[in-house]
Amino acid sequence: MSPAHQAEPMPEGFVLLRDDARAALTAWQAPTDALEATRARMLDVLEAEPQCMWRHGVRTHFTASLVVLDESLEHVALTLHGKAKRWFQFGGHLEAGDASVRDAAAREGREESGLGDLLVSTDLVQVDAHALPPVFDWCREHLDLRYAAIARSGDLVMSDESDDVRWWPVYTLPAGTEDSLVEAIHLARENLSART
């Protein structure tokens, strides 16, 4: 547990989020062997670590994120992360008041993009496990549950956590974009095109 939160009990909302994450991962059909391995590992962590949804519980914990595309599915909104100094989808830690992991992803998308009118996918589109550098303090690894959304209206607004936020053509992404994000964008487009 984070030294600053050793005396603080985990809020009850994270128990419900753990159940929701288990249900989402159990229902999701991973499209590749690599994603299936990550899905299986996440289910193992959910069983082994009761506090894995809480950022102050264990150092490897779950996050939720949202790949936001425009209505044409030709542009993706990305944020230049203030700590990592790299372009990412919108996302972050879960909060005790989140009704579900999907709702957490939607909340993060709204907060970090300024976009209020988001049509969020029902199911996961991707999962990702990634180690974090020391600049992230307590956090050592994020197990990210990724959803997709179409932005139906509104202008991007940069949050306090970002150095920049902008739309990028899906085939002309920023230099150094991680392979997992390229894959997430592709899977998000597939998921959302099936809904339109």
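1. Let's start with the side chains of Glu141 and Thr60, which are joined by a polar contact of 3.3 Å. A polar contact is a pair of N or O atoms within 3.5 Å; within protein, one must be able to donate a hydrogen and the other to accept it, and residues adjacent in sequence count only if both atoms are side-chain atoms. Please keep in mind that this is a predicted model, where local features need pLDDT of at least 70 and side-chain atom pairs count only at pLDDT 80 or more, while totals for chains, interfaces and linings use all residues. Residues are numbered from 1 along each chain as its sequence is written, and side-chain values use heavy atoms, with hydrogens and water left out.

2. Where does Glu141 sit? Its place is in strand E7; helices (H or I, at least four residues) and strands (E, at least two) are DSSP runs, numbered from the N terminus. Glu141 counts as buried because its relative accessibility is 16%. Here buried means under 20% relative accessible area, exposed over 50%, and partly exposed in between (1.4 Å probe, protein chains only). Not counting residues up to four places away in sequence, Glu141 touches residues including Arg41, Arg59, His61 and His130, where contact means heavy atoms within 4.5 Å.

3. Asp98 is another buried residue, at 11% relative accessibility. You will find Asp98 in the loop between strand E4 (90–93) and H3. Leaving out residues up to four places away in sequence, Asp98 touches Leu17, Ala104 and Arg107.

4. Now look at helix H1. Its 15 residues (13–27) should span 21 Å at 1.5 Å a residue, and its end C-alpha atoms are 21 Å apart, which agrees. The expected span is 1.5 Å times one less than the number of residues. Gly13, Phe14, Leu17, Arg18, Ala21, Ala24 and Leu25 are the buried residues of H1. Seen down the axis of H1, these buried residues fall within an arc of 140°, so they line one face of the helix; the arc is that of the directions from the helix axis to the C-beta atoms. An α-helix has 3.6 residues a turn, so residues three or four places apart point the same way. On the face turned away from the buried side, H1 carries the exposed residues Leu16, Thr26 and Ala27.

5. What covers the buried residues of H1? The cover includes helix H2 (33–48), strand E1 (60–69), helix H3 (101–113), strand E6 (126–131) and strand E7 (141–153).

6. The largest nonpolar core has 40 residues, and Leu25, Met53, Phe62, Leu94 and Leu145 have the most contacts inside it. A nonpolar core is a set of buried Ala, Val, Leu, Ile, Met, Phe, Trp, Tyr and Cys residues joined through side-chain atoms within 4.5 Å. Apart from this core lies another, of 18 residues, among them Trp87, Val125, Leu181 and Ala188.

7. Finally, the count of aromatic pairs comes to 2. Rings of Phe, Tyr and Trp (its six-membered ring) pair if their centres lie within 6.5 Å; planes under 30 degrees apart count as stacked, over 60 as edge-to-face and the rest as tilted. Phe14 and Trp54 form a tilted pair, 6.3 Å centre to centre with 40° between the planes. Phe14 lies in helix H1 and Trp54 in the loop between H2 and E1, so this pair ties together parts that are 40 residues apart in sequence. The rings of Trp87 and Trp168 have centres 5.2 Å apart and planes at 75°, so that pair is edge-to-face.
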